[in-house]
Amino acid sequence: MTSPGPDGLVVAQASPADWTVVTGWAADEGWNPGLSDSASFFAQDPEGFFVGRVDGETVSAISVVNYGADYAFLGFYLVRPDLRGRGYGLATWKAALAHAGGRTVGLDGVVAQQENYRRSGFELAHRTVRFGGVVPAGEESPGVRPAGPADHAAIVAYDRACTPADRPAFLGSWLTTPGHRTFVRRADDGRPTGYAVLRPARDALRVGPLFADTADDARALFAALAADADGRTLAIDVPETNAPAVALVEKLGLALSFETARMYTGPVRPFAAERVHGVTTLELG
């Protein structure tokens, strides 16, 4: 796919190699991208990543990743800072958004862009707030253990109830990427009551997702993450509408650093939002 734009801009599908430039831009924006995120992102929808180029030089980017027939997620909407205000971003947006077809599209929008997203048909669902800091290890995490291959099918099934779309291809990579640490909590009868993933990133270890049946399950999982972090800084993106999740990170002494807005262009399938104590990523939902 190629699409012409202003001043010789050409929008085309991006490769994983192209995306190293884009993740560098995301790091410069303070988004703290995970060090190995791109492999899992491309595993979900390798055709959902786009860059704009002028004279062969990358100047803009966006991802529109499809999940099944009904849902897509938009992220990485970026223009190189010295080239903003020339129409490159909007042209890239329009060319890439066609990839979603008739699907409902979600995004996590930074404050500066939220009004633009509203004008493009996105409606606010909730604020998401990032908290970060060091959590001293020490609190017990009963029932929590590192997840292994035998847990993956149960985690995928649990994840399905917590998200607007099934995502087995994404999780097949996310749960097994080197450096990603996955923990699961199970009840006495063996059923999972939550899971969480910790991964290395540019500025702090990222938590995502943290899905749990109850505040107690979330607390136990976070204790396991803190122990694994071993004194390193953690960052987690929490839906503001989940009051117990906000209370947990505040009690742990994590500080708010910035906010985004979860927005959708239309309806999404019902899911257990009360289980979402930390979103997976701001880039892919």
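## Overall dimensions and composition

For a chain of 285 residues, a compact globule would have a radius of gyration near 19 Å, and the protein chain, with 19 Å, agrees with that value. The model is a predicted one. Along the principal axes, the C-alpha trace of the protein chain extends over about 60 × 35 × 35 Å. The secondary structure of the protein chain consists of eight helices and 14 strands.

Of the 285 residues in the protein chain, 54% are buried. Considering contacts between residues at least 6 apart in sequence, 73% join residues at least 24 apart. The protein chain has an accessible surface of about 11700 Å², and carbon and sulfur atoms contribute 53% of that area.

## Helix H8 and its cover

Helix H8 comprises residues 243-251, and its buried residues are Ala 245, Val 246, Leu 248 and Val 249. Viewed down the axis of H8, these buried residues fall within an arc of 160°, so they line one face of the helix.

Several elements cover the buried residues of H8, including strand S7 (123-133), helix H7 (215-229), strand S12 (234-239) and strand S14 (276-278). After H8 comes Gly 253, which has a positive phi, near 85°.

Most residues other than glycine have a negative phi, and most peptide bonds are trans. Asn 32, which is not a glycine, has a positive phi of about 55°. This residue, Asn 32, is placed in the loop between helix H1 (16-28) and helix H2 (37-44). With a relative accessible area of 4%, Asn 32 is buried, the cut-off for that class being under 20%.

Phe 76, also not a glycine, has a positive phi of about 55°. The setting of Phe 76 is strand S5, which runs over residues 71-79. The relative accessible area of Phe 76 is 4%, and Phe 76 is therefore buried.

The peptide bond that joins Gly 208 and Pro 209 is cis, with omega about 0°. Pro 209 belongs to strand S11, residues 205-212.

Asp 151 occupies the loop between strand S8 (144-146) and helix H5 (152-160). Its relative accessibility is 5%, so Asp 151 counts as buried. Beyond its neighbours within four places in sequence, Asp 151 is in contact with Arg 145, Pro 146, Val 184 and Arg 186. Asp 151 and Ala 224 are 73 residues apart along the chain, and their C-alpha atoms are separated by 17 Å.

Cys 162 is located in the loop between H5 and helix H6 (168-174). Its relative accessible area is 2%, and Cys 162 is therefore buried. Setting aside neighbours within four places in sequence, the residues in contact with Cys 162 are Phe 211, Phe 271, Ala 272, Arg 275 and Val 276.

Ala 100 is situated in the loop between helix H3 (88-97) and strand S6 (104-110). With 1% relative accessibility, Ala 100 counts as buried. Apart from neighbours within four places in sequence, Ala 100 is in contact with Val 64, Asn 66, Ala 72 and Val 105. Ala 100 and Asp 217 stand 117 residues apart in sequence and 35 Å apart in space, C-alpha to C-alpha.

Definitions and conventions
Residues numbered from 1 in each chain as written. Predicted model: local features only at pLDDT ≥ 70, side-chain atom pairs only at ≥ 80, totals over all residues. Heavy atoms only, no water. Helix = DSSP H or I, 4+ residues; strand = E, 2+ residues; numbered from the N terminus. Rg over C-alpha atoms; globule rule 2.2 N^0.38 Å. Buried < 20%, exposed > 50% of the residue type's maximum accessible area, 1.4 Å probe, protein only. Contact = heavy atoms within 4.5 Å. Areas by Shrake-Rupley, 256 points an atom, 1.4 Å probe, with all protein chains shown as cover. Arc of directions from axis to C-beta.
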